[in-house]
Amino acid sequence: MPEKDSYMEEAYEMLKHISVDEKKRLEYEAREKAVRDYHSQLQGMREEDFAEGKEQGKKAGEMRKATNIITNMLRKGKSPEEIADLTGEELEEILEIKRQEPT
């Protein structure tokens, strides 16, 4: 196969040359390891960032849902104290939502 493709032939010749010279082979292996480590680190950071973003999105969604529930309860005439008792939310947060609600 190396004879059919000049790129493969060149790579094959390089591999033969490197495998003969112990020092060059070790340098090559160290470089390849560094490249693999670098790519592995990048992939790990991407996965970490994705998980963090997913968690932030989940929290934001939960907050929107709680705000909508509290807003609906306020519109139905429930008092902030009653809502705090029923939902377990902090009274200050409920009062802040009430302040932001258009009259």
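# A tour of the helix packing

H3 passes H4 in a right-handed crossing. Start there, and keep in mind that this is a predicted model.

**Stop 1: H3 against H4**

Select H3 and H4 together. Their axes come within 9 Å and cross at roughly 130°. Now show side chains. On H3, pick Pro80, Glu81, Ile83, Ala84 and Thr87. On H4, pick Leu91, Ile94, Leu95 and Lys98. These residues make the contact. Colour them by class: six are nonpolar, one is polar and two are charged.

**Stop 2: the length of H2**

Next, select helix H2, residues 22-75. How far apart are they? The separation is 79 Å. At 1.5 Å a residue, the 54 residues should span 80 Å, so the two values agree.

Gly77 follows H2 and has a positive phi, near 95°.

**Stop 3: the buried residues of H2**

Go back into H2. Select Ile70, Thr71, Met73 and Leu74, which are buried. Buried here means under 20% relative accessible area. Look at their spacing along the helix. An α-helix has 3.6 residues a turn, so residues three or four places apart point the same way. What covers the buried residues of H2? The cover includes helix H3 (80-87) and helix H4 (91-100). Take these two partners in turn.

**Stop 4: H2 against H3**

Show H2 with H3. The axes come within 10 Å and cross at roughly 135°. H2 and H3 are therefore oblique to each other. H2 passes H3 in a right-handed crossing. From H2, select Ile70, Met73 and Leu74. From H3, select Pro80, Ile83, Leu86 and Thr87. This contact has six nonpolar residues, one polar and no charged ones.

**Stop 5: H2 against H4**

H2 and H4 pack at an angle of about 70°, with their axes 10 Å apart. Oblique or roughly perpendicular? H2 and H4 are roughly perpendicular to each other, because angles of 65 to 115 degrees count that way. On the H2 side, select Met63, Thr67, Ile70, Thr71 and Leu74. They meet Glu93, Ile94, Ile97 and Lys98 in H4. By class, the contact divides into five nonpolar, two polar and two charged residues.

Keep Ile70 and Leu74 highlighted. Both belong to the H2 contact with H3, and both belong to the H2 contact with H4.

**Stop 6: Val20**

Move to helix H1, residues 6-20, and select Val20. Buried or exposed? With 70% relative accessibility, Val20 counts as exposed, because the cut-off is over 50%. Val20 and Lys65 are 67 Å apart in space and 45 residues apart in sequence.

**Stop 7: Pro102**

Finish in the segment after H4, where Pro102 is found. Pro102 has 67% relative accessibility and so counts as exposed.

Terms used: Residues are numbered from 1 along each chain as its sequence is written. Side-chain values use heavy atoms; hydrogens and water are left out. Helices (H or I, at least four residues) and strands (E, at least two) are DSSP runs, numbered from the N terminus. The expected span of a helix is 1.5 Å times one less than its number of residues. Buried means under 20% relative accessible area, exposed over 50%, partly exposed in between (1.4 Å probe, protein chains only). Contact means heavy atoms within 4.5 Å. Axes are lines fitted to C-alpha atoms, for helices over the stretch in contact, and angles run from 0 to 180 degrees between N-to-C directions. Angles under 35 degrees count as roughly parallel, over 145 as roughly antiparallel, 65 to 115 as roughly perpendicular and the rest as oblique. A crossing is left-handed if the near helix is turned anticlockwise from the far one by less than a right angle, and right-handed if clockwise. Ala, Val, Leu, Ile, Met, Phe, Trp, Tyr, Cys and Pro count as nonpolar, Asp, Glu, Lys and Arg as charged, and the others, Gly among them, as polar.
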